[in-house]
Amino acid sequence: MVCRVTTFAFEGIEAKPVDVQVHITSGNPFFTIVGLPDKAVGESRERVRAAFSAIGLAIPPKRITVNLAPADLPKEGSHYDLAIALGVLAAMGVIAPDALDGHAAIGELSLDGALGQTLGVLPAAMAAQAMDLRLICPEVCGPEAAWAGDGTIAVANLISMINHFAGRVSLPAPVAGELAAPDAVPDLADVKGQDGAKRVLEIAAAGGHNLLFCGPPGSGKSMLAQRLPGLLPPLSATELLEVSQIQSVAGMLQRGQLSRQRPFRAPHHSASMAALVGGGIKARPGEVSLAHHGVLFLDELPEFPAQVLDSLRQPLEDGAVVISRANRHVKYPARFQLIAAMNPCRCGGGPGDGACRRGPACARQYQARISGPFFDRIDLFFDTPPVTAVDLALPSPSEGTAEARQRVQLARDVQSERYEQTDPREARRPVNADAPTRRLVEIASADEAASSLLSDAAAKLALSARAYHRVLKVARTIADLDGAGGIKRVHVAEALSYRRRLPDGQTVGDTHALAR
């Protein structure tokens with residue numbers, strides 16, 4: 001007789017059902033697991049054997065075969081322990097085989113029979129709900145699984161699970177963890193001077209645009225970037241589940257607490273490609289996926305290896321990362337907002353002792369580390385001037401994060417309503433930066449003067465098609481902040497002024513002259 005129980009394998013954040021089949025027959029004592037298991041899954045037999053011994057059960061001296069179907073799907077991780085143990089218990093007659101019908105199981109066994117923390121419980125619980133199955137998971141993961149809905153069974157150890165199926169105890173349904181309190185974010189009022197930089201930061205927050213600050217050391221680039229999360233609205237319910245599923249697979253959810261605060265990731269410039277975009281032996285999510293629906297901040301941008309930066313080009317366009325392996329492809333969502341900061345040159349390019357003594361050649365050489373196609377995917381470029389002693393002596397500005405956040409929220413509300421009206425299927429794209437190109441004609445209508453200016457700029461600045469559309473999207477965001485229905489010349493002019501500048505400080509093609 002073959003006893004069956006369902007568990008899950010993970011491909012990205014997608015939980016795919018796996019049929020655990022257990023067969024016990026006469027023959028030489030042997031315990032084998034087949035179905036493309038990795039080393040952690042293969043070691044499950046030793047954890048199951050020790051856990052059974054700890055609770056006073058002896059595995060019969062027979063031939064035990066565990067098949068993980070489909071056999072051509074790679075199986076990774078220790079979360080198969082509980083499902084294998086349940087199948088063996090049913091095959092031994094300790095629990096009724098039909099008792100496992102309508103159940104799925106995920107969890108790692110300790111040698112004493114306890115169930116410990118397991119990765120990926122939230123996506124597994126959501127997949128079980130979709131299949132109308134009750135998920136059995138470790139008690140410590142119960143608050144996380146409960147976010148997927150009712151029907152979860154959280155058990156502390158094997159003894160509790162056996163007693164539950166025997167009808168001797170009734171396990172209470174776990175309660176979903178509370179929403180975590182948002183972390184304190186620094187206030188925009190702490191930044192003195194840099195009014196232009198605050199303006200462009202507000203535009204980036206309102207439209208979800210990628211932004212690059214370039215300026216000498218100490219000009220406040222990192223301070224400004226760290227204050228962007230305070231301008232962004234909290235995660236919606238759908239975004240919250242997507243972000244939490246990634247965090248669950250990455251082992252970042254503590255006590256089942258979810259947070260509506262948008263992620264802010266700031267990897268060091270020594271990060272490898274696998275650390276940034278994901279990968280490794282088990283294809284774990286990288287920083288771009290951990291920043292999904294949030295902000296990825298890259299400080300000292302030219303110090304990142306060129307190959308690593310170019311690996312961001314696909315997720316910046318597609319909002320997803322595909323990690324290819326010889327026998328499978330793993331896809332992680334990665335719709336993030338990029339904020340970067342850099343010095344004009346390696347010397348710093350600041351005033352006084354920090355001034356560059358090599359001239360524009362130093363800046364050109366330093367910025368040449370970043371490829372043109374990568375620059376082309378950045379919507380806003382802003383040169384942060386040095387902060388003077390006069391600026392530092394001024395009192396703190398009266399307007400801070402709270403006031404700017406209100407304007408950002410109003411602009412985002414307009415965008416969300418706009419996309420729902422043009423096409424309900426595009427409601428998942430609530431910001432201008434993610435607007436599909438085919439919709440720009442409808443949502444970014446410009447008057448004659450604005451269209452003429454944009455056409456002249458596209459010809460004289462040799463804008464690529466991508467750059468042209470990005471200027472239009474930025475102009476649409478500026479118009480939304482102004483409460484304007486259509487795009488006017490002043491909106492296009494401001495959007496063009498945020499295009500990339502040459503290392504010597506001159507705007508490419510003299511954009512300011514065009515704006516006038």
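**Reading the salt bridges**

Mentor: Let's begin with burial: E11 is buried at 14% relative accessible area, where buried means under 20%, exposed over 50% and partly exposed in between (1.4 Å probe, protein chains only). Before going on, note that this is a predicted model, where local features need pLDDT of at least 70, side-chain atom pairs count only at pLDDT 80 or more, and totals for chains, interfaces and linings use all residues. Residues are numbered from 1 along each chain as its sequence is written, and side-chain values use heavy atoms, with hydrogens and water left out.

Trainee: What does E11 pair with in a salt bridge?

Mentor: A salt bridge is a side-chain nitrogen of Lys or Arg within 4 Å of a carboxyl oxygen of Asp or Glu. Here E11 meets K16, at 3.1 Å from N to O, and K16 is partly exposed at 29%.

Trainee: How many salt bridges are there in the whole structure?

Mentor: The search turns up 25. Take E287 and R265, with their closest N and O atoms 2.7 Å apart. E287 sits in helix 11 (residues 287-290) and R265 in strand 11 (residues 264-265), so the pair ties together parts 22 residues apart in sequence. Helices (H or I, at least four residues) and strands (E, at least two) are DSSP runs, numbered from the N terminus.

Trainee: Is R418 buried or exposed?

Mentor: Buried, at 12%. R418 bridges to D480 at 2.6 Å, N to O, and D480 is buried as well, at 7%.

Trainee: Which residues are linked in a network of salt bridges?

Mentor: E317, D376, R377, D379, R466 and R470.
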